[in-house]
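Have a look at the picture, then read on.

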Amino acid sequence: MVKQVRIALRNCGRVNPESIEDYINARGYEALVTCLFDKKPADVINIITESGLRGRGGGGFPTGIKWKAAAAEVSDEKFIICNADEGDPGAFMDRAVLEGDTHSVLEAMTIAGYSVGADKGIIYIRAEYPLAIERIKKAIEISKEYGFLGKNILGTEFSFDIELKYGAGAFVCGEETALIASIEGKRGEPVVKPPYPAQKGLWGKPTIVNNVETFANICPIILNGKDWFRSIGTQKSPGTKVFALAGKINNVGLIEIPMGMTLRNVIDNIGGGIRDGKEFKAVQTGGPSGGCITRENLDTPIDYDNLLSIGSMMGSGGMIVMDEDDCMVNFAKFFLEFTIDESCGKCAPCRVGNKRLLELLEKVTNGQATEEIIPQIEQLCATIKKASLCGLGQTSPNPVLSTLRYFRNEYDEHIKDKKCRSKVCKALLKYEIVPDKCNGCTRCARSCPVQCISGKVKEVHTIDQKACIKCGVCYTNCKFNAIIVS
Amino acid sequence: MSEVTEYKKILPEELYRKLDSFVEDLGIDSKDPRKKGYLIQVLHKAQSLFGYLPEEVQKFVARKLGVCHSEVSGVISFYNFFTTLPKGKVNISICMGTACFVRGSEKVLKEFENFLHIKSGGVTSDGKFSLDVLRCVGACGLAPVVMVGDRVYGNVNPKMVGDIMTDCIKLANSMEENK
Amino acid sequence: MKLKSKEDFFKLKEETVKKRAQDKDIKLLIGFGTCGIAAGAKIIEKAIEKGLAERNIKNAKIVRVGCVGYCYAEPTIEIVYPEGGSVILGNIKSENALDVIDMHILNKSFESQYVIPRNFE
C-alpha cells in the first residue's frame, strides 16, 4: 500500500503550533538561518527554481520564476503576500497548515522576503478562520521577541515584518490581482495581466503572491535540497499535494500524497473506499473551476498536467467523491450557482454568460429541455471560456463541460426520457402508490400538504400526478413501503 | 467626535464611540494615499460592533476615513461577509460547501426554511431567528454541518432540524431573559 | 530573549533539543484544529485531565496540536511514548477517557477498539 508523504503537513499534529520551542525542536527557523548567513538571495531563488516547486494554489505556476521576476525589479518597496483566502468550498488545507504549523508559513515568507528584497509581508486571510487568525497573531508576536521577525533579523541587515489583512468572503479574491485590489480596500475585481504583480502589484510595487501550501514547502526544500524534493513526485510536478478528501468516502480527511499517485490508490487505500458500500461514480477536483475524474481515469497518475488533459485541474486541493446517488447535472448546477454568486460582475461573459448557462441547465433538470439544448450549452461554455477576463470566468464552465464529456448519458436521460437516475432532480420524479402494498391507512392522504392523494379508508389510494408537488412527504410517511419513486 | 452628530443616527452612540476610537488607534494619516487599505478592516470592526452595516454606519465610516460613501457602499455590496440588514438574535448557518452539499445539506436547508417560513438570507418577523448559508467551515468530516452561533452540529439530516430548533428556541428565550 | 546571531540560534536550538530529549513524559497529542474543536476536543481534554488526576498519573502530558488529517475520526488523540512508538486513537468520547488511560497509558497497549490505522509515516 502506497502511503502519504508529508512535506507541507510535516508538523501538523506533531507540534504545538503555539509553542516556538516545539517548532525549533522540529528544525524550525533553521532554513531561515541557513539562507540569511550562508546563501545569497539569488542562491535561494535558484534552489526554489531548480526544485521545480509549482504554485499549490491551483494554477501550478513555477514558484522560483515568480520570485526571480520580482527580484529582478528595482524598487524602493516590495511585498510578499500569502494567499490564505481559501475560497474553494470543500478545501481546508490552508487552514490546517496555518492552524497546525503557523511558524513554518512565517519563516517561509521571511525567506521569500530575503530572496526578492522585500521587507513587508501580508497574510490575506479569510475572516471566517478565527482560530488561524489568533494563532498567526500569537506566532508573529513571539517571532518578534525571538528576533526571527522585525528589524535586523538575527542581527543581520535584513528586516521583515508581517501583518494580517482580512478577506471578506469573495471567491474571486483567490485571483492574485483581485486579492491585491482587496488589500487596497477596493472591490476585489481582477485586472488584465500583464503587468504581472511581480512587476506591478500592491500599491504599484513588485509583489509576490503565493498560496499557504506553497510557502509550507519552502523550508523543507531549503533544508533538504532540490534533489531531495525532485526525488518525490513526478518529473514535471515534483513534490506532494495536499487534498481535502471529502464526500461519499469512508475516511474523510486531509491527505498529502506524492504527485503521480493514482486516484484508485487514494480512494481504495487512503480513503478506505466508498461509504455504505455504494458504487463509485466520480471524483471532483479543482472546485468550481475543475472537473470530474471518472472510473476510466482512476489509474491516471495525479499531477498538474494529467489532470488538465482529462478535463479537470489540480485546483487548491478539494477532492470530492461522488457515488451513484449523485446526479451529475445537478452537481454541475451546484458549482455554476456558486460561480454566479461569486462572479465579480466586471466582464459580461462571466456575469451574464454564466447566468444564461444556469438557465439552460435548469431547463434540463426541470424536464423542459429539448435536444437542441446541448449544442447551445457547449457553445455558451466555449464563449465564456474564451472571453472572460480572469481565471474565475475562464474556468467557470469546466464543471459543466466535464460532466457533459463523461456523463452525457445522464444529460440525455434528463432531456429525452425526463428521468433523473439518481432521483435528485425533483421535477422529474414521479411518486406512485403500489396497489398491492397499500392497505388504505390514509396516512399519506392526511400528510399530503396539497391534498392530492385520494382514497377511502382501507382502500387503495391514488396520487393525482398533476397536483403533486413532489415534496416526498407521503413517501417518508408510508409505513408499508407502498409508495415508490421513479 | 464633532462630525459624528451631524447626521441622523438611530444606533447607540456608545457603539459609534467605540468605532471612533478603534479608527483613531489605527493612526491613519489623512494624507496617506494608501489610507483606503484600512477600509475593509474598519468595516469588519463596525460589523462586529453593530451586527450589520446600515447607511448611517457607512456614512460614518466614509467620513472618518475620508473616502466617498459610494465607495464604502460598493465595497460592502461586493463582499459576502458584509450585510446591510440586521440578523436575527440567533443566526442559523447551513454549510453549503461541496462536501456538505454532496452529503445532503440542500435538504437540511429546505427543512429549516419550511420550519421558520423564511428563505435563506431572511430573518423571522419577530427578529428572533435568521437563516443563511456559508461556504465550507472546514469541518468536512462532519458534513453536513449546521452552525448556531459558536455551536457546531455535525452529520445533520432533515429529521434533526426539529431538535436543533428546540435548542435555538431555548437559546433565544434565554437571551431574552438575560436582557 | 532576542537572538542576535547565528551562534545565538544554534545555542538555543541545542538547548531546546536537549531539553526535549530529556523529557520522558508520555505525550497525548489532541487535535485542536477547528474541526477537532467542533467535534469536541475541548471536552475530551477536560475528561482526560480529570482521568489522569483520578489515576494519579504524573508522567503524562497533554499537548494541543493542529489538525492531523483524520477528520473522519475526530476527536483524535495520538499517544507518543518516550521510549519510541505511538498510537493514534479516534472517535474518542469523554466517557472513554478512563478506558483510554488504562489501556494506553498504564498498560501502554498498541491495540484497542479506539486505535485507527496510521496512513502516513
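How much area do chain A and chain C bury between them? About 3200 Å², with 54% of it on carbon and sulfur atoms; buried area here is the accessible area (1.4 Å probe) that two parts lose on being put together, summed over both. Before going on, note that this is a predicted model, where local features need pLDDT of at least 70, side-chain atom pairs count only at pLDDT 80 or more, and totals for chains, interfaces and linings use all residues. Residues are numbered from 1 along each chain as its sequence is written, chains are lettered from A and ligands numbered from 1 in the order in which they are written, and side-chain values use heavy atoms, leaving out hydrogens and water.

So who takes part? Chain A brings 41 residues to the contact and chain C brings 35, contact meaning heavy atoms within 4.5 Å. You'll find 5 salt bridges between chain A and chain C (a side-chain nitrogen of Lys or Arg within 4 Å of a carboxyl oxygen of Asp or Glu). One pairs K19(C) with E21(A), their closest N and O atoms sitting 3.3 Å apart.

Now turn to chain B. Here 32 of its residues are in contact with 47 residues of chain A, and the two chains bury about 3100 Å², 58% of that from carbon and sulfur atoms. On the chain B side, R34(B), F78(B) and R135(B) lose the most area to chain A, together 23% of what that side buries. Chain B and chain A have 1 salt bridge: E77(A) meets R34(B), with the closest N and O atoms 2.8 Å apart.
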